[in-house]
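Have a look at the picture, then read on.

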Amino acid sequence: MTPQGFDRDDLRVIADMVPEGARVLDLGCGTGELLAWLRDNRRVTGYGLEIDPDKITACIARGVNVIERDIDVDLSDFETGSFDFVIMTETLQAVRHPDRVLEQMLRIAPQGIVTFPNFGYWRCRMYLATRGRMPVAAHLPHSWYDTPNIHLCTFADFEALCAERDVEITRRHVVDAHYRPSRLIEALPNLFGTIAIYGLRREHS
Amino acid sequence: MPDPLPPDSVGIVEPATAVFTEPFVLACGEALPRHEIVHEIYGTLNADASNAVLVCHALSGHHHAAGYHRADDRKPGWWDACIGPGKPIDTRRFCVVSLNNLGGCHGSTGPTSINPATGRAWGPDFPVVTVRDWVRSQALLAERLGIRRWAAVIGGSLGGMQAIQWSIDFPDRVRNVVAIASAPRLSAQNIAFNEIARQAILSDPDFAEGRYLEQGTAPVAGLRLARMVGHVTYQSDDGLREKFGREVASGDLDLGRDVQFQVESYLQYQGRSFSRSFDANTYLLMTRALDYFDPAREFDDDLVTALRHARASFLVLSFSTDWRFATERSKELARALIRAGRPVSHADIDAPQGHDAFLLPIPRYLQTLAAYLGRIADDIERGSHADAATREDAARSRSQTPGGARTGTGSRAPADSVAAKRTGAA
């Protein structure tokens, strides 16, 4: 079955990357949409971590296992290798220590999936270059002072971090704000891509 | 009882007594030749007995969890915030069973009951009772009521411990566990507070080595102190500050004469009313059961191994200002459940009321509980809950019970007759 019926299109792509029966930890799981779909269609088991009370209640109401947990503080008690996949969608840019979270992800599971918005997108660059102000756009709607996105980066930044930490990028799916790929994006992803979905793996383990 | 009765109240309820005439061997090796369990039922058991929920009480609790016994009752049962038609433990959908544990002092066999061997009250000779014993006696009650498998076993504090023990000792007989403001075992600090409470009772001359009933005395002062110390630990610093601050109840602060702060008179009131309604030997017994509880102990002190036996799904709830059963204890439980591969959700409710929060109508708490139980009820009503074997078992056990399971509105039906009818069926 093709994943469909998601409010967020990125979840459709991610759902396709997770194999049948996998054990999944979802960091910043929101209302549990992805885990519920994976449970119902891929026999996936797992847990989501979330800090928003209303989203936690939503997870519980749809029968998704959710643990109230700040992923910046508290990932150390998940055992090494205890999951098949750790997934983190649209959350990397909002954590205090993205590098540590990345390390934890690939300690807890051999494989990870990460999605985040691209600060190197040409409109962001133009905005900053022409107005001299921090960009505000559809995919980055907050002002600098109240944004939860405290660690914005470009695709190139993220890939440099992966290289530095021996993290292998197994897959990179770059799309526009409507989660559509295009030839332009394929040619110059760091300039024209809005959101990327990365498949990750530890290079040696 | 408010008039008119709120639509989400179970209304007037009547306790029932189940009598068990087979000897009940306790973990300590001693046996009770017969015992009685007083309980209340709210809601209706469905045809395949799949909608039953067990509510386990905490240290000073009892069977009267919801509704009123008489029209002139001032207060409803201790968990009326959560149990009723349309409340999180929804009596329109669930059949809720609440009991007074063995060793209690509200009607079930305990230290104030007559020891058949001596013809006098058990008093201090009542055997040591553990959480495992309670769970086993609750399992007997379930059989008596025709309940093969609980849709959920729910409890706060010591009640949560019973729910956890259920999942380990009877994995096939509980589908969901809700452990609220609980812990997989007590901390040293917790045991310390219990010991202070016990010493308060033991050192009261009127305690008379536990034989106060025979002596015609009552260790009121000891019980009062025990309750006062307990009560402080059930509140948070902020909670007490908010409620009382440094308000003076009487006396003159300027002259420093006969000053009594509000918080003092409040504590004394709490201690006084408790000491009138609770049995000192039961208090000792229940705090001991709390201290001894440690399901990991039989599994090389490994909680994960213990919980691997469980087959239930878990909801773990904690409260941010609870320092008696702190959030960290619930995290410990959730962590072990994850490692054991059990389905679990853990929510930490931000609330200023400390440990007592689990008794109070805190919006997020009620919403979370309602979300979890609502889904269970949906599953039951869709019929996707039980395999054929479970249904057959339920049917079989009911057909063997004279009078069948007590259904109907339950709460409003005459109750004692049921227990009387079943005495011989044990």
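How many helices and strands does chain A have? Chain A has eight helices and seven strands, where helices (H or I, at least four residues) and strands (E, at least two) are DSSP runs, numbered from the N terminus.

A word on ground rules. This is a predicted model, in which local features need pLDDT of at least 70 and side-chain atom pairs count only at pLDDT 80 or more, while totals for chains, interfaces and linings use all residues. Residues are numbered from 1 along each chain as its sequence is written, chains are lettered from A and ligands numbered from 1 in the order in which they are written, and side-chain values use heavy atoms, with hydrogens and water left out.

**Chain A on its own**

The C-alpha atoms of chain A fill a box of roughly 50 × 40 × 35 Å along the principal axes. Take the contacts in chain A with a separation of 6 or more: 66% of them come from residues 24 or more positions apart, a contact being heavy atoms within 4.5 Å.

**Where the chains meet**

Here's the interface in numbers.

| Item, chain B with chain A | Value |
|---|---|
| Residues in contact | 20 residues of chain B, 21 residues of chain A |
| Buried area | about 1700 Å², 51% on carbon and sulfur atoms |
| Salt bridges | three salt bridges |
| Polar contacts | 11 residue pairs, both at pLDDT 80 or more |

Buried area is the accessible area (1.4 Å probe) that two parts lose on being put together, summed over both. A salt bridge puts a side-chain nitrogen of Lys or Arg within 4 Å of a carboxyl oxygen of Asp or Glu. A polar contact is a pair of N or O atoms within 3.5 Å; within protein, one must be able to donate a hydrogen and the other to accept it, and residues adjacent in sequence count only if both atoms are side-chain atoms.

Arg339(B) forms a salt bridge with Glu79(A), with the closest N and O atoms 3.9 Å apart. On the side of chain B that touches chain A, the elements giving two or more residues are helix 10 (327-339), strand 16 (344-349) and helix 11 (363-382) of chain B. Helix 11 of chain B gives the most, with six residues.
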